[in-house]
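Please report on the fold, core and aromatic pairs of this chain. Keep it short, and give the cut-off behind each term.

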Amino acid sequence: KVMLETMLADDQAGFRRIKNLGKAMTDEIRKLAKHSNRHGMVVQGVNSMFQIFFTDTEEIADYRDFCRHVDRVKFRDFAVRLMDKGIYMNPSATLHSLSSIAHTEADIALTAQAIAAKSKVEAAAAAKLVAEALSKAATAKAAHSAAKAKAAVKIADAVKADLALKN
């Protein structure tokens, strides 16, 4: 009951939030796949749910497509590598990933950076820089300083952009 009340509060703000976060995550991963897609990554999603497939087709429309075209071993290995970088994604290629109201835009940035990082060292460095910038943003928000919070978020975005250029 509490969860439903939370999701319905403020004219369903919780549902809008997870929908927007899921779409943002899907869009970020699609950008990465479009930029460098030597592994055949396809990202599909609906609102808060998304799934990454490694395939030679443009989309997976049904279970038959999934069975014929998805490289499940590659997805499992991908998910395990993400875990090494501090990002949990279920290693089963049959299960969708979900956003929740606990996720933040920073989580999306960190996930995208971990997917884009070519090494554990880069991923750890990116995570540390983004975490530092977001910590400053949280501190600034706590002090009710919107200008400082925006500046810290801009720093996190700049770090993310800089690391993306290196990849």
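The buried residues of H4 are Ala 106, Ile 108, Ala 109, Thr 111, Ala 112, Gln 113, Ala 114 and Ile 115. Buried means under 20% relative accessible area, exposed over 50%, and partly exposed in between, with a 1.4 Å probe and protein chains only. Helices are DSSP runs of H or I with at least four residues, strands are runs of E with at least two, and both are numbered from the N terminus.

This is a predicted model, in which local features need pLDDT of at least 70, side-chain atom pairs count only at pLDDT 80 or more, and totals for chains, interfaces and linings use all residues. Residues are numbered from 1 along each chain as its sequence is written, and side-chain values use heavy atoms, with hydrogens and water left out.

**Helix H4**

H4 covers residues 105–116, which is 12 residues. The expected span is 1.5 Å times one less than the number of residues. At the helix start, a side-chain oxygen of Thr 104 comes to within 3.2 Å of the backbone nitrogen of Ala 106. Ala 109 lies in H4. Its relative accessibility is 13%, so Ala 109 counts as buried. The C-alpha atoms of Ala 109 and Ile 29 are separated by 9.9 Å, although the two are 80 residues apart along the chain.

**Core**

A nonpolar core is a set of buried Ala, Val, Leu, Ile, Met, Phe, Trp, Tyr and Cys residues joined through side-chain atoms within 4.5 Å. The largest one has 23 residues. Those with the most contacts inside it are Ile 29, Met 41, Ile 52, Phe 75, Phe 78, Leu 82 and Met 89. Two or more residues come from each of helix H1 (2–35), strand E1 (41–46), strand E2 (49–54), helix H3 (72–84) and H4.

Contact means heavy atoms within 4.5 Å. Leaving out residues up to four places away in sequence, Phe 75 touches Gln 51, Ile 52, Phe 54, Met 89, Asn 90, Pro 91, Ser 92 and Ala 93. Ser 97 is in strand E3 (residues 97–98). At 12% relative accessibility, Ser 97 is buried. Beyond its neighbours within four places, Ser 97 contacts Ser 48, Met 49, Phe 50, Gln 51 and Met 89.

**Aromatic pairs**

Rings of Phe, Tyr and Trp (its six-membered ring) pair if their centres lie within 6.5 Å; planes under 30 degrees apart are stacked, over 60 edge-to-face, and the rest tilted. By this rule there are five aromatic pairs. Two of them are tabulated.

| Pair | Centre to centre | Angle between planes | Class |
|---|---|---|---|
| Tyr 63 and Phe 66 | 6.1 Å | 20 degrees | stacked |
| Phe 75 and Phe 78 | 6.1 Å | 45 degrees | tilted |

Tyr 63 and Phe 66 both lie in helix H2 (residues 63–69), three residues apart, about one turn. Tyr 63 is exposed, at 61% relative accessible area. Phe 66 is buried, at 6%. Phe 75 and Phe 78 are three residues apart in helix H3, again about one helical turn. Both are buried. Ring pairs also link Phe 53, Tyr 63 and Phe 66 into a cluster.

**Whole chain**

The chain has six helices and three strands. Along the sequence they run α-β-β-α-α-β-α-α-α. Of the 167 residues, 33% are buried. Among contacts with a separation of 6 or more, 50% join residues 24 or more positions apart.

Note on methods
A polar contact is a pair of N or O atoms within 3.5 Å; within protein, one must be able to donate a hydrogen and the other to accept it, and residues adjacent in sequence count only if both atoms are side-chain atoms.
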